[in-house]
Amino acid sequence: KFLPVYVFTGEERGLLVQYLSDIKKCFKNVVEDSSLSEVANDTSFNTLWGGKKLYILNNTDFFNKTATDEEIMMLVKLYKQKSNTVIFVETNINNTYKQTKSLGEESVVEFKKLSQDAIERIVKQIMKVSKKKFAEEDEKVAPAFIADLCNYDYTTVLNEMHKLVSTDAEVITIKDIKRTVTRSTYAVVFDLIE
């Protein structure tokens, strides 16, 4: 079950894109990059094919400016209808504006940078799913080492882990990680500064 309106924001863009991709699979009809007024008008009509519609509005800046009364009424109209879902994907939002406050906490989804523990759990889960293991002597430090090499970036970790588990080795060592995983630009710059 989806609420009528969501705002997706935050710095962890890879996770945000993955959520959007998974959500799109739940809808027969997906409309992207319309204007707020077009979406508000379109939600008044049922689809020809039946089923709910998903509207994705990218970087409208609607939650980062003072909204007009007309825009607020469009948002209210979107929120009152129950047959469709609208997702605003915004780089950042201002929580002090009334349009943001009116949505409530459950409609505003912030994708924060993942913690080291979360990234390490993802690394361990990928290893488990791919039926690979870290060498016994490297088992405790390898997930943290990979997270550090990838600068704790979700998308980079996924890409680098895919490369790592695609090798023929059943047991992966720190040497394998150093050979396979590309260090993030941030890590390289940090080493140069040191």
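A: A term to begin with: a nonpolar core here is a set of buried Ala, Val, Leu, Ile, Met, Phe, Trp, Tyr and Cys residues joined through side-chain atoms within 4.5 Å. Please also keep in mind that this is a predicted model.

Q: OK, how many residues are in the largest nonpolar core, and which have the most contacts inside it?

A: The largest nonpolar core holds 34 residues, and those with the most contacts inside it are Phe8, Ile87, Phe134, Ile146, Met161 and Ile177. Two or more residues of this core come from each of strands S1 (5-9), S3 (53-58) and S4 (85-89), and likewise from each of the helices H1 (13-24), H5, H6 (142-149), H7 (154-165) and H8 (174-180).

Q: And which element gives the largest share of this core?

A: That is H5, which supplies six residues of this core.

Q: What is Ile87 in contact with, leaving aside its neighbours within four places in sequence?

A: With those neighbours left aside, Ile87 is in contact with Tyr6, Phe8, Leu20, Ile23, Leu54, Tyr55, Ile56 and Leu57.

Q: Switching to H6, which of its residues are buried?

A: The buried residues of H6 are Ala142, Pro143, Ile146, Ala147 and Leu149. They lie on the same side of H6, because the arc they cover around the axis is only 165 degrees.

Q: Pockets next: what is the volume of the largest one, and which residues line it?

A: The largest pocket has a volume of about 180 Å³, and its lining is made up of Lys124, Met127, Lys128, Lys132, Lys133, Phe134, Glu136, Glu139, Pro143 and Val171. The lining residues divide into six charged, four nonpolar and no polar.

Q: Which element gives the most to that lining?

A: H5 gives the most, with three residues, and both helix H5 (116-129) and strand S6 (133-134) supply at least two residues each.

Q: Last topic, then: where is Lys131, and what is its phi?

A: Lys131 sits in the loop between H5 and S6, and its phi is near 60 degrees, a positive value in a residue other than glycine. Most residues other than glycine have a negative phi.

Q: And is Lys131 buried or exposed?

A: Lys131 counts as exposed, because its relative accessibility is 69% and the cut-off for exposed is over 50%.

Q: What about Asn151?

A: Asn151 is not a glycine either, yet it has a positive phi of about 55 degrees, and it is found in the loop between H6 and H7. At 24% relative accessibility, Asn151 counts as partly exposed.

Terms used
Residues numbered from 1 in each chain as written. Predicted model: local features only at pLDDT ≥ 70, side-chain atom pairs only at ≥ 80, totals over all residues. Heavy atoms only, no water. 1 Å grid on protein atoms, 1.4 Å probe; cavity = no way out; pocket = protein on both sides within 12 Å on 5 of 7 lines; lining within 4 Å. Points joined across faces, edges and corners; volume = space filled by probe spheres on them. Helix = DSSP H or I, 4+ residues; strand = E, 2+ residues; numbered from the N terminus. Nonpolar A, V, L, I, M, F, W, Y, C, P; charged D, E, K, R; others polar. Buried < 20%, exposed > 50% of the residue type's maximum accessible area, 1.4 Å probe, protein only. Contact = heavy atoms within 4.5 Å. Arc of directions from axis to C-beta.
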